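Welcome, and please open your viewer. We will go from stop to stop, with something to select at each one.

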Amino acid sequence: MNHSIKKVSLSIVAMLLSATVTATTVTGDGLIIPIYPEGKITPLGVPEIREQLDKTGDAMIRNVSIATLELFRPTPGRVNGTAMIVAPGGGFVVLGYDAGGTAVARRMAQLGVTAFVLKYRTIRSAPDPMQMPEVHIKEMDTLMARAKSGSPVEIPRFAGEQHAVEDGARAMQIVRQRALEWGVDSRRVGFIGFSAGAFLAADLAIGDMVSRPDFVALFYGGLRTPVPIDAPPAFIAAASDDKYQPNDAIQLYTAWRQAGVAAEIHVYERGGHGFDLKQKGMSSDHWFDELVWWMQSRGLIGPAPGIPR
């Protein structure tokens with residue numbers, strides 16, 4: 001690979017991970033839940049790395065061997081029985097843990113949703129954050145070429161995707177198993193993913209019934225098929241100026257509707273790949289409100305009968 005292509009690939013990674021957030025008032029319980037028993041998963045063999053971006057303060061996590069859920073409870077009296085697992089993006093190499101994770105979970109908790117941030121396993125990378133794994137650089141080159149040619153229609157699976165899917169499935173099972181403890185209706189457990197996290201969410205949505213979410217929100221993710229006729233309803237969002245996945249939201253929506261499954265799509269004029277909760281003066285600033293309206297229309301934000309408060 002020549003220097004210029006590698007430089008462009010690294011710039012794509014930076015774009016995929018870009019994130020800034022605004023502060024919110026809800027704080028987490030401080031409860032970190034390992035999703036596997038100790039010794040169950042073979043570690044990467046290198047320490048987990050957590051870094052703060054200078055400009056935004058966002059936490060970026062790499063070399064994740066121990067997958068966890070971080071719990072964000074609503075304030076007392078506001079629990080409505082709905083749960084949401086949040087999966088950050090990062091190409092299965094790094095997790096943009098705050099912008100695509102804790103910031104969203106806090107906002108959900110403000111609405112009475114019991115939220116969890118999934119820290120899923122990543123592939124191994126070097127200590128230098130700009131020294132990306134070779135396999136990931138190749139994946140980014142494929143993504144760039146596909147954005148221009150439209151081929152292949154479905155993005156090849158990423159190197160770290162399977163482990164992340166296993167972690168997501170396990171997280172779904174844990175939340176449902178402990179639903180009563182957390183005041184959650186086990187039939188109202190959703191999954192929201194951003195970028196790589198959206199690929200993970202789509203994989204779960206079309207996967208085994210035992211770990212399939214009850215609803216999904218897919219933000220600048222990509223197509224995974226086949227979509228079964230009993231897939232969960234989906235909220236799909238992206239921006240038309242996404243240079244790396246320009247048509248994927250439409251492909252996702254089309255696949256859901258061809259299967260006869262409920263779906264809603266929002267393709268914003270501007271927002272690029274990685275819009276978040278920070279206001280930028282674009283129509284994509286309103287994605288969270290529109291997600292909330294969609295959840296309200298489906299009865300997902302509101303009290304669930306028989307769930308302890």
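Begin with two helices: helix 4 passes helix 6 in a right-handed crossing. A crossing is right-handed if the near helix is turned clockwise from the far one by less than a right angle, and left-handed if anticlockwise. Helices here are DSSP runs of H or I with at least four residues, strands are runs of E with at least two, and both are numbered from the N terminus.

Before going on, note that this is a predicted model, in which local features need pLDDT of at least 70 and side-chain atom pairs count only at pLDDT 80 or more, while totals for chains, interfaces and linings use all residues. Residues are numbered from 1 along each chain as its sequence is written, and side-chain values use heavy atoms, with hydrogens and water left out.

**Stop 1: helix 4 and helix 6**

Two packed helices are described by the angle between their axes and the distance between the axes. Select residues 161–177 for helix 4; its axis and that of helix 6 come within 9 Å and cross at roughly 60 degrees. Axes are lines fitted to C-alpha atoms, for helices over the stretch in contact, and angles run from 0 to 180 degrees between N-to-C directions.

Now show the side chains of E161, A164, V165, G168, A169 and M172 in helix 4, which meet F199, L200, D203 and L204 in helix 6. Contact means heavy atoms within 4.5 Å. The residues of this contact divide into seven nonpolar, one polar and two charged. Ala, Val, Leu, Ile, Met, Phe, Trp, Tyr, Cys and Pro count as nonpolar, Asp, Glu, Lys and Arg as charged, and the others, Gly among them, as polar.

**Stop 2: helix 2 and helix 8**

Next, select residues 98–110 (helix 2) and 287–297 (helix 8), whose axes come within 12 Å and cross at roughly 45 degrees. Helix 2 and helix 8 are therefore oblique to each other (under 35 degrees counts as roughly parallel, over 145 as roughly antiparallel, 65 to 115 as roughly perpendicular and the rest as oblique). Helix 2 passes helix 8 in a right-handed crossing.

Which residues in helix 2 meet helix 8? They are V104, R107 and M108, and their partners in helix 8 are W287, F288, L291 and M295.

**Stop 3: loops**

Select S151 and P152, which are joined by a cis peptide bond with omega of about 0 degrees. P152 lies in the loop between helix 3 and helix 4. Another cis peptide bond joins T225 and P226, with omega again about 0 degrees; P226 is in the loop between strand 9 (215–219) and strand 10 (234–239).

Finish at F92, which has a positive phi of about 65 degrees although it is not a glycine. Look for F92 in the loop between strand 5 (83–87) and strand 6 (94–96).
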